[in-house]
Amino acid sequence: MELNVLTLCYLVGSVTFILGLKMLSNPASARRGNLIAAAGMTIAIFGTIFLYKDDVGNRLHNYGWIFGGIAIGAIIGTLAAKKVKMTAMPEMVSMFNGMGGACAALISVVEFNHIARNVIPGVHQTYIPEGGEGIVLIILLGLIIGSVSFAGSMIAWGKLNGKVKDFSFKGQHIFNIVLLLVIVGLAAYIIGWLPENSIIIFYCIFTLSLLYGILFVFPIGGADMPVVISLLNSFTGVAAACGGFLYNNKVMMTGGILVGAAGTLLTILMCKAMNRSLANVLIGSFGGAKAGPAGAKQQGAYKEISLSDASVLMAYAHKVMVVPGYGLAVAQAQHACHDLEKILEGKGVEVKYAIHPVAGRMPGHMNVLLAEADVSYEKLLEMEQANEEFPSTDVVLILGANDVVNPAAKNDPSSPIYGMPILDVELAKNVIVNKRSMKPGYAGIENDLFFQKKTSMLFGDAKKVLQDLIAEIKNL
Amino acid sequence: MLNWITANQQIIYIVILMIFVGIEVIGRVPSVLHTPLMSGANAIHGVVIIGAIIVMGKAEGDNYLALILGFLAVILGTLNVVGGFVVTDRMLEMFKKKKNR
């Protein structure tokens, strides 16, 4: 009877996951969708703790440990998620994803030891039960995918918060492929032959998988991290599903595969938003292209604009379009930005925001930031609308955006971002670019826009510059 | 092969149907929601914690390796689930605010 209640719990869990994902893909219902999935998860977790019985009918024990672990994880998780700054959200997602991957890998380690423990003293041929190769295969799959996801997510996390630099060596792609083949080979060896030293090989696979995860993400440029995180996210989904096969647990299967499939599709959609293919992101890493265009072409001169000139230009414009980018997020300048908007509107200037779909470090990053500063929804223009309005715009103010306004994406077929749709800021009458320095953006490529005639540079931290601009405009 | 399919047909059905559901369900997501959706999916694969709970709950009292690793796995899995849902909620909170105005 109790087992049936647990089945019901899992059924409810699975349905809420599907419903939750469905609602998450619609702005109006997204938040409720998240809560519904969370509720389903809670039911499934507590159902497992109190109602789970193994094949022989034994209940779970070690309740102290289980609740202790859950309490520690829940407290740290909640605090971390509540405290993290809006700018650091992408890193946080990557971090949590890594935790899930590590969890899957650890389950495999314990289960493999469980099998191996009953084996090593006796004849090794007999320890695998009927159809046991399948079980070993699933354990190994969970181990490999989980550790790759964990190691990769940690590197992605480090890259996004600037702790890890891009790194690649000659022939790295070939090395990675060889490494993957070795991992698969060792796994096949364990499954097929079950040698007596299986456990040592098992830990070799564990180590190599971690190494593979690191090397897989290392050469990929920071600007592509969202895509990588999304891909690793779907990996962890598959790793969770492996756990589901292992325990014949339906909610783990459905949840894991659901995320695996949805995550893969989402990865592809993200690539499409940048007009690139997944293979291009993973193999054609930005790292290699860096030396080429930047060094080869001597750029022209750029001109700076003073704060007072910039403020006059904006205060007497009819229409100002703000293009926010990662610089705005780093400087936490969204409130200053909203203040500038208000003071300009007080002077009768029309102010709007042009949001590129991949501005910032993640799609939707800018919308979230500006919404936090109470910028009205109607003022945020999507790329297509914005591009229609640029010709009638007097001043474009670019705040820490770079690659999303780089004309090389349209003009230069050799550029790594060629083909990505961009904001056509050149169509406006004046362009003011706020950056901290002339350093190239995250993709590591020069931007011709900065050297064009109508462009002028306004160096400095976005928040500081905006506050100074506001002060200047007030004094006009 | 045929035997294997017959023996595991339930699981095979689940896998195939879930792949299609996963793809269908998010097929038309606007790009603004990519990040929250990824974050939400991230929280959902935290179901892996159920595996961790089972490992932990089955571990014998003298099997320290299983106890320690299982305990760690429960902590990590909980981090994934709780942190994932809370972060997603925080992101979506921002969206909701502007909808109301």
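On helix α3 of chain A, the face turned away from the buried side carries the exposed residues A:Gly64, A:Ile75, A:Lys82 and A:Lys83; exposed here means over 50% relative accessible area, buried under 20%, and partly exposed in between, with a 1.4 Å probe and protein chains only. Helices (H or I, at least four residues) and strands (E, at least two) are DSSP runs numbered from the N terminus. This is a predicted model, in which local features need pLDDT of at least 70 and side-chain atom pairs count only at pLDDT 80 or more, while totals for chains, interfaces and linings use all residues. Residues are numbered from 1 along each chain as its sequence is written, chains are lettered from A and ligands numbered from 1 in the order in which they are written, and side-chain values use heavy atoms, with hydrogens and water left out.

Back to α3(A): its buried residues are A:Ile66, A:Gly69, A:Ile70, A:Gly73, A:Gly77 and A:Ala81. Seen down the helix axis, these fall within an arc of 95°, so they line one face of α3(A); the arc is that of the directions from the axis to the C-beta atoms.

Chain A also holds an open sheet of six strands, in the order β3-β2-β1-β4-β5-β6, with parallel pairing. Two strands count as paired if DSSP finds at least two bridges between them. At the edges stand β3 (380-382) and β6 (455-459) of chain A, each with a single partner strand, so one side of each has no neighbour in the sheet. From one strand to the next, the twist averages 25°. Strand β5 (residues 430-435) of chain A pairs with β6(A) in the parallel sense over five bridges, and A:Val433 stands opposite A:Met457 in β6(A).

Helix α15 (residues 334-346) of chain A touches β1 (319-324), β2 (350-355) and β4 (395-399) of chain A, where contact means heavy atoms within 4.5 Å. Helix α16 (residues 365-372) of chain A packs on the sheet too, touching β1, β2 and β3 of chain A, and its direction makes about 145° with that of β2(A). Such angles run from 0 to 180 degrees between N-to-C directions, with axes fitted to C-alpha atoms, for helices over the stretch in contact.

As for chain B, there are five helices and zero strands. Its C-alpha atoms fill a box of roughly 60 × 40 × 15 Å, taken along the principal axes. Buried residues make up 60% of the 101 residues in chain B.
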